[in-house]
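Me: I've got a new structure to look at. Can you walk me through it?
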Amino acid sequence: MSLRAVAEATAPGKLILAGEHAVVYGAPAIAFAVDRETRVTLRRRPGPTAVDDAPFADARLGAALSAVLPAGGIGVSIASTLPVGRGMGSSAALAIALVRAAATLDGRALTPAEEHAAGFAVEAVFHGTPSGVDHGVCGAGGCVRYRRVDGAPVFARLPVRQGIGLWVIDTGAPGDTAEMVAGVRARRPGIDAALAAIARGVDHLTALWCAGAPAAALGPLLTDNHRLLQDIGVSTPALDAAVSLALAHGAAGAKLCGAGGGGVVLALGSPNAALPAAAAAQGWSAFPVGIAPPRR
Ligand code: MEV
């Protein structure tokens, strides 16, 4: 491979079915890559390396670029179909797309492990102490069970269950992952029983998901998971109301997704056709989401 003048790469966002926050402390999480993505284009040009074009402003972007790119000579364009800061993996998708584009620009081929390791440096800029589940599933695609054991990522592929009826309700309010993770850390050990219950729920959900259990059986596990996320202090009145709205519109289960403090709710089991209008009446949006295919 050889140096290029321009390189482009994409990576999907993600949603966590169960296990957020507990995964930071070594418990497993189940997550899937979504059918929305971020695209990064790198162009060699004179001057300092900088973002030339992005759909959002974030003071941390400069540090994220320097985690992967040289200080000079590269213009960066970012495009994304992901809502930013809502638990759908906008920073993780950016991390993986950036790492992939940088490797292509330099004519390097990365192994999945190298890509994951490089992605940590970008995610750390946005999240402080990431478990790696977010950029891990954005890199892997499909649906995975992820765990960090002695600092090393352990992935297991789970079946991609298209057609199970996955919907997102976006409350429009961003959450700050670093702040939410720090808050959970500060509340330990008082919330450790809830973190352990989250981990047990992930094991139960993994078994049912892999056995092909219907949405009616999986949904209540998501709602239980939401209650535990309330117990560890990361839900908000809007997220609780969005969960109730999904359940009132026929979802089999619903939960906040990602760090919390704002962001999206994931509903499982095909809520009825009135959900988008009901969400819009609250100033939110509701849309179906698919699982992006496994990458490798
Ligand atoms: C955020 O999407 C998931 C958290 O568990 C943080 C992490 O795993 O790094 C809250």
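Me: By class, what residues make up the shell around the ligand?
Reply: This is a predicted model. The shell has seven nonpolar, three polar and three charged residues.

Me: And which ones are closest to the ligand?
Reply: Lys14, His21, Val23, Ser131 and Asp134. In total, 13 residues surround the ligand.

Me: How far is the polar side-chain atom of Ser131 from an oxygen atom of the ligand?
Reply: The distance is 2.6 Å. Asp134 has a side-chain N or O atom 2.7 Å from a ligand oxygen. For Lys14, a polar side-chain atom is 2.9 Å from an oxygen of the ligand.

Me: What share of the ligand's area does the protein bury?
Reply: 98% of it. Taken alone, the ligand exposes 300 Å².

Me: Which elements give two or more residues to the shell?
Reply: Strand E1 (6–18) and helix H4 (133–140).

Me: Why does the ligand lie between domain 1 and domain 2?
Reply: Domain 1 (6–158) and domain 2 (166–288) both give residues to the shell, so the ligand lies between them. The space taken by the ligand is also the largest pocket.

Me: Back to His21. Where is it found?
Reply: His21 is in the loop between E1 and strand E2 (29–48). Its phi is positive, about 70 degrees, although His21 is not a glycine. Most residues other than glycine have a negative phi.

Me: New topic: which residues does a cis peptide bond join?
Reply: Arg188 and Pro189, with omega about 5 degrees. Most peptide bonds are trans. Pro189 lies in the loop between helix H5 (177–187) and helix H6 (192–210).

Definitions and conventions. Residues numbered from 1 in each chain as written. Predicted model: local features only at pLDDT ≥ 70, side-chain atom pairs only at ≥ 80, totals over all residues. Heavy atoms only, no water. Near = heavy atom within 4 Å. Polar contact = N/O pair within 3.5 Å; in protein donor to acceptor, adjacent residues only side chain to side chain. Areas by Shrake-Rupley, 256 points an atom, 1.4 Å probe, with all protein chains shown as cover. 1 Å grid on protein atoms, 1.4 Å probe; cavity = no way out; pocket = protein on both sides within 12 Å on 5 of 7 lines; lining within 4 Å. Sits in = over half its atoms within 2 Å of the grid points. Helix = DSSP H or I, 4+ residues; strand = E, 2+ residues; numbered from the N terminus. Nonpolar A, V, L, I, M, F, W, Y, C, P; charged D, E, K, R; others polar. Domains from an automatic or database assignment.
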